[in-house]
Amino acid sequence: MRLPIRGMLALGLAAGLATFASAQEGHPAKGSWIGEWKGNSAGESVLMVMSWDGKSITGIVNPGTDNLKITDAELNPTDWSIHLKAGDYLIDGKFARLELPNRSIVGTWKKGSAGGDFEVVRQ
Amino acid sequence: MKIAGCFSSSRLALGIGALLFGISAAQAHHPIQAKFDPAKKQTLTGIVTEVDWRNPHAHVFMNVTNGSTTLNWAVELESPVILKNSGWSGTTLQPGDTIQVSGITARDGSRQIWGENVVSSANNRQVYNVTNAAPTHPLAPRPTPRWPDGHVALGTTTGGTDGFWAFPSAKVLQEDGANLKFDSDAKLLNINDANKVAPMQPWALALYKHRQERNLQDDPMYLNCKPPGGPRQYQSDLGLQLLEDRENGRIFVLMGSGNRNYRIIYLDGRTTTGLVSGDDDNPLYYGRALGRWEGDTLVVTTSGFNEDFWFSNGGLPHTDLLTMEERFTRPDADTLQYKVTINDPGAYTKPWSASWTMQWVGGEDLPPYFCQSNRQ
């Protein structure tokens, strides 16, 4: 299997940054997340920034185009699944390695008929 | 293979293994149950080969022979600070001594045992049993020390005897009245009681249970030597010292745990804004603490915490929205009453309180204790 150079660079960057993830023992969604956004015509990397105000998750998603405000966010702590809506994007993922600073969210995204898998790692 | 005609490959391997084993064991700082399984009890008899007397845990290495096989085991013990309180010293055991160790073995199957009891086989004398007993209280309470102006002293007064506060009556943060049962590592005896510990939001409760179910092995205070911020600093075995700098209107809280770091409580009437010029938005492990006296009670309000640490021994979550109100009272010379009200709308559904006492350890300075990071 051959990986595109840009994809490898993005993965390397994400892995490198993940090594230096700052500690975050509060709300698991809080922080900056970088990773892969497969199947996106504008690029296969994504940036998410999420915060927690005590009642809701806020922030932005940038799938290589522009910052899209998160307008809807639901975290289900029973299985640590998360649903986000940002612009026309619908994102469904699940936390992995919850206990680590460089935890990740893995799932799928959809925008109209387009869509794909994604994985972001907390920085 | 023989090396220099002296060591067989198996002996060399045993030696290197023991060395590496010793290094990894010596670096480990952790809740006991994160590394050792209470269900795996074992008793070993062997000959002491080495005593490693250092923080955060002392180790005794011993050769255990079973038939024709001899294997080196690491016996992990409490910190030298606590061992000394139990009458143990670095020379209590010597290489060559035959001992019997009872304890619990490592979860990962390695040859490590947490020593709960050590008996000398030569005379059947128990040489080790951690008690870490608090100092005996006098029959009649001694009066609360006061400064010349009559104000209560929370620490040592000028010319007074050194001392510090330790032996908290509770080592687990839980809401007053909950009265739940925990083990010595702050692990719930019944995980189904998790929702009764404090009024947690659903995500906080799920995260707390996750930490508990992983035997608290992710505790950043042990893994990364993060400071015991928040109320956790008052639930440490290693105590703390309250030094009152009355002239400058501040109280230093010196930690016996962590890396001897400290917290400052300001009583000079300042506001939290501008405490540290230019970094008001920089959250801290100990937050920014402002104190005032209400009669003989010191009331401290602290906010500005970061989220890089666990603020309780059992892994209760907090967020940077946390504000903490603490009330310190010294009803007699040997007792410090501590009450904390947690107001963290980021993690809890309502403010809640917890309280406990600490005991005065007079005539001594804080014991030296330094953390060693597990992630090196």
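A polar contact is a pair of N or O atoms within 3.5 Å; within protein, one must be able to donate a hydrogen and the other to accept it, and residues adjacent in sequence count only if both atoms are side-chain atoms. Keep that in mind for the views below, which show a predicted model in which local features need pLDDT of at least 70, side-chain atom pairs count only at pLDDT 80 or more, and totals for chains, interfaces and linings use all residues. Residues are numbered from 1 along each chain as its sequence is written, chains are lettered from A in the order in which they are written, and side-chain values use heavy atoms, without hydrogens and water.

**View 1. Chain B meets chain A.** Here 22 residues of chain B are in contact (heavy atoms within 4.5 Å) with 17 residues of chain A. Eight residue pairs, both at pLDDT 80 or more, are in polar contact between the two chains. Helix α5 of chain B (residues 202-213) gives the most to the side that touches chain A, with six residues.

**View 2. Salt bridges between the chains.** Four salt bridges (a side-chain nitrogen of Lys or Arg within 4 Å of a carboxyl oxygen of Asp or Glu) cross this interface. In one of them R211(B) pairs with E25(A), and their closest N and O atoms are 3.2 Å apart.

**View 3. Two domains of chain B.** An automatic or database assignment gives domain 1 (9-27 + 139-362) and domain 2 (32-127). Their C-alpha centres lie 31 Å apart. Between these domains there are zero salt bridges, but four residue pairs, both at pLDDT 80 or more, are in polar contact.

Methods
Helices (H or I, at least four residues) and strands (E, at least two) are DSSP runs, numbered from the N terminus.
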